[in-house]
Amino acid sequence: MKKMSLRTRVLTGAVAAAALGAGTFGAVSASASAPAAATAAAVTADTANRNLQQTTHLTVAAATEAARAALDAAEKENQRVSVAVVDRNGNTVVTLRGDGSGPQAYESAEKKAYTAVAWNAPTSVLAGRLAQAPNLKDIPGTLFLAGGAPVQVKGAPVAGIGVAGAPSGDLDEKFAQAGVAALAK
């Protein structure tokens with residue numbers, strides 16, 4: 001898959017936001033005169049539709065809280081890291097680049113977070129699986145190094161937190177787990 005330029009991504013996002021806004025405005029306008037009972041019935045019908053699926057996602061506020069907790073844990077140990085939080089689909093929600101974090105840490109944190117949520121396991125565990133399945137490392141966007149932790153709700157992955165930049169993956173993963181723990185409070 002070819003990477004889009006920043007300009008293309010911004011224009012695509014703007015077009016999508018405009019379309020979404022127009023659709024939302026039209027839906028709000030159309031339903032403004034509809035009775036409340038009709039709206040409730042429509043919601044009931046939608047949730048009963050087997051063609052639809054509901055998912056759980058972290059809010060931006062929760063993702064930011066988790067990222068901040070991970071960065072704070074690293075700063076307490078004088079480590080310069082970057083932190084990324086991705087949603088269930090692997091899309092980046094929040095990234096924080098700590099002061100003095102290396103240039104490679106930003107992208108590595110995103111890839112670790114993506115890997116953790118994609119396989120619903122800490123990346124340190126997944127790194128061990130490479131011996132049995134070395135081709136895993138060839139999957140685009142993944143990084144099988146310690147430092148990624150999944151965020152779970154009832155055992156299902158809803159997000160991933162990745163940390164990169166500490167001198168060892170064990171430290172990166174410790175800080176990622178601090179982000180997960182912040183969400184459990």
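## Nonpolar core

The largest nonpolar core of this predicted model has 22 residues, and Val81, Val83, Val151, Ile161, Val163 and Phe175 touch the most other members. Such a core is a set of buried Ala, Val, Leu, Ile, Met, Phe, Trp, Tyr and Cys residues joined through side-chain atoms within 4.5 Å. Buried means under 20% relative accessible area (1.4 Å probe, protein chains only). Helix H3 (60-76), S1, S3, S4 and helix H6 (169-184) each give two or more residues. H3 supplies the largest share, seven residues. Helices (H or I, at least four residues) and strands (E, at least two) are DSSP runs, numbered from the N terminus.

Ile161 has contacts (heavy atoms within 4.5 Å) beyond four places in sequence, including Ala66, Val83, Val151 and Val180.

## Sheet

Four strands make an open antiparallel sheet, ordered S2-S1-S4-S3. Strands pair if DSSP finds at least two bridges between them. S2 (92-97) and S3 (148-153) are the edges; each has a single partner strand, so one side of each lacks a neighbour in the sheet. The twist averages 15 degrees from one strand to the next. Axes are lines fitted to C-alpha atoms, for helices over the stretch in contact; angles run from 0 to 180 degrees between N-to-C directions.

Helix H4 (residues 105-119) packs on the sheet and touches S1, S2, S3 and S4 (156-164). Its direction makes about 155 degrees with that of S4.

## Strand pairs

Five bridges join S1 (residues 82-87) to S2. Ser82 has Arg97 as its bridge partner in S2.

S3 and S4 pair over six bridges. Val151 stands opposite Ala159 in S4. Two residues separate these strands in a hairpin, and Lys154 in the turn has a positive phi of about 55 degrees.

## Basis

Residues are numbered from 1 along each chain as its sequence is written, and side-chain values use heavy atoms, without hydrogens and water. Local features need pLDDT of at least 70, side-chain atom pairs count only at pLDDT 80 or more, and totals for chains, interfaces and linings use all residues.

How values were computed. Buried < 20%, exposed > 50% of the residue type's maximum accessible area, 1.4 Å probe, protein only.
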